[in-house]
Amino acid sequence: GKVLASGTHAQPPRTSPGLKAIVGQIVVTLTNRNFVVLALSGMIFGVSNGLGSGLQLYFTTYLWELPTNMQAVVLFGDIFASIAGVIAAPIFAKRFGKKQTCITLFFLSIFLSAGPIALRLFDLMPPNGSAALVWILTLDRAVAGGLGIMGFIIVSSMIADIVEESGVKTGRRSEGLLMA
């Protein structure tokens with residue numbers, strides 16, 4: 001037991017690289033093509049999601065004219081989205097592949113989030129004050145939110161893959177830098 005366990009306590013050699021070497025290592029790590037593409041796509045979706053979330057109160061109050069208690073009902077879609085997203089993300093990623101699944105999920109989430117507003121502009125949504133409107137908005141929030149959550153779960157998994165790829169290429173572990 002002691003002989004086998006002692007191998008797990010090996011310490012890597014301590015090095016003290018200079019500032020130029022550290023900056024060089026950071027540049028090499030952050031210019032990984034796969035990481036750049038993933039970070040940019042995540043940022044674009046994040047901005048879209050942030051704008052939608054930031055405007056949610058405005059839309060529910062002024063466009064949909066929902067009273068406060070009905071706004072709370074619409075937000076229950078987020079609870080379902082979180083649970084469904086966590087369960088479904090690994091299933092979809094395994095079945096269809098991470099890259100294609102992530103792209104599709106982000107696109108569908110953005111498209112579906114804008115759906116009710118587009119339908120309202122074409123006068124295809126139920127009238128304000130109707131129960132059908134609340135259910136449609138809640139369902140849309142649950143589905144679009146679930147797709148977005150699934151996408152971000154898969155992005156996290158893809159970053160872990162990039163950490164491994166970067167480690168093989170550079171000989172260094174950079175999970176802290178890449179996840180930050």
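Biologist: How many residues does the largest nonpolar core have, and which of them have the most contacts inside it?

Modeller: In soluble globular proteins, nonpolar side chains tend to be buried together. A nonpolar core here is a set of buried Ala, Val, Leu, Ile, Met, Phe, Trp, Tyr and Cys residues joined through side-chain atoms within 4.5 Å; buried means under 20% relative accessible area, exposed over 50%, and partly exposed in between, with a 1.4 Å probe and protein chains only. The largest such core has 18 residues, and L38, C102, I154, V155 and L178 have the most contacts inside it. This is a predicted model, in which local features need pLDDT of at least 70 and side-chain atom pairs count only at pLDDT 80 or more, while totals for chains, interfaces and linings use all residues. Residues are numbered from 1 along each chain as its sequence is written, and side-chain values use heavy atoms, with hydrogens and water left out.

Biologist: Which residues does V155 touch?

Modeller: Contact means heavy atoms within 4.5 Å. Leaving aside residues up to four places away in sequence, V155 touches L38, C102 and F106. A second, separate core has seven residues, among them V74, M125, L133 and L137.

Biologist: Which residues make the nonpolar surface patch?

Modeller: Patches are made of residues with over 30% relative accessible area and no salt bridge; like charges are joined within 9 Å, and nonpolar side chains (Val, Leu, Ile, Met, Phe, Trp, Tyr) within 5 Å. Accessible areas come from the Shrake-Rupley method with a 1.4 Å probe, and for residues only the protein chains shown count as cover. In this model, V36, L40, M43, I44, V47, L51, L55, Y58 and Y62 make a nonpolar patch of about 910 Å². One of these residues is L51, located in helix 3 (residues 33-63); L51 is exposed, with a relative accessible area of 53%. Y62 is also found in helix 3 and counts as exposed at 58% relative accessibility. From C-alpha to C-alpha, Y62 and T104 are 31 Å apart in space, and they are 42 residues apart in sequence.

Biologist: How many salt bridges does a search of the whole structure find?

Modeller: A salt bridge is a side-chain nitrogen of Lys or Arg within 4 Å of a carboxyl oxygen of Asp or Glu. The search finds three. In one of them R141 pairs with D78, and the closest N and O atoms are 2.8 Å apart. R141 lies in helix 6 and D78 in helix 4, so this pair ties together parts that are 63 residues apart in sequence. R141 counts as buried at 18% relative accessibility, whereas D78 is partly exposed at 27%.

Biologist: Which side chain does K98 meet in a salt bridge?

Modeller: K98 meets D161, with 2.7 Å from N to O. K98 lies in helix 5 and D161 in helix 6, so parts 63 residues apart in sequence are tied together by this pair. K98 is partly exposed at 27% relative accessibility, and D161 is partly exposed at 38%. K169 forms a salt bridge with E165, at 3.1 Å between the closest N and O atoms. Both K169 and E165 lie in helix 6, four residues apart, about one turn of the helix. K169 is exposed at 62%, and E165 is partly exposed at 22%.

Biologist: Where is D140, and is this residue buried or exposed?

Modeller: For charge, Lys and Arg count as positive and Asp and Glu as negative; His and the chain ends are not counted. D140 lies in helix 6 (residues 131-170). D140 is buried yet has no salt bridge, and R141, the nearest side chain of opposite charge, is 7.7 Å away. Apart from residues up to four places away in sequence, D140 touches L112, S113, P116 and G145.

Biologist: Where does E65 lie?

Modeller: E65 lies in the loop between helix 3 and helix 4. E65 has a positive phi of about 55° although it is not a glycine, and at 52% relative accessibility E65 counts as exposed. D123 has a positive phi of about 55° and is not a glycine; D123 lies in the loop between helix 5 and helix 6 and is exposed at 65%.

Notes: Helix = DSSP H or I, 4+ residues; strand = E, 2+ residues; numbered from the N terminus.
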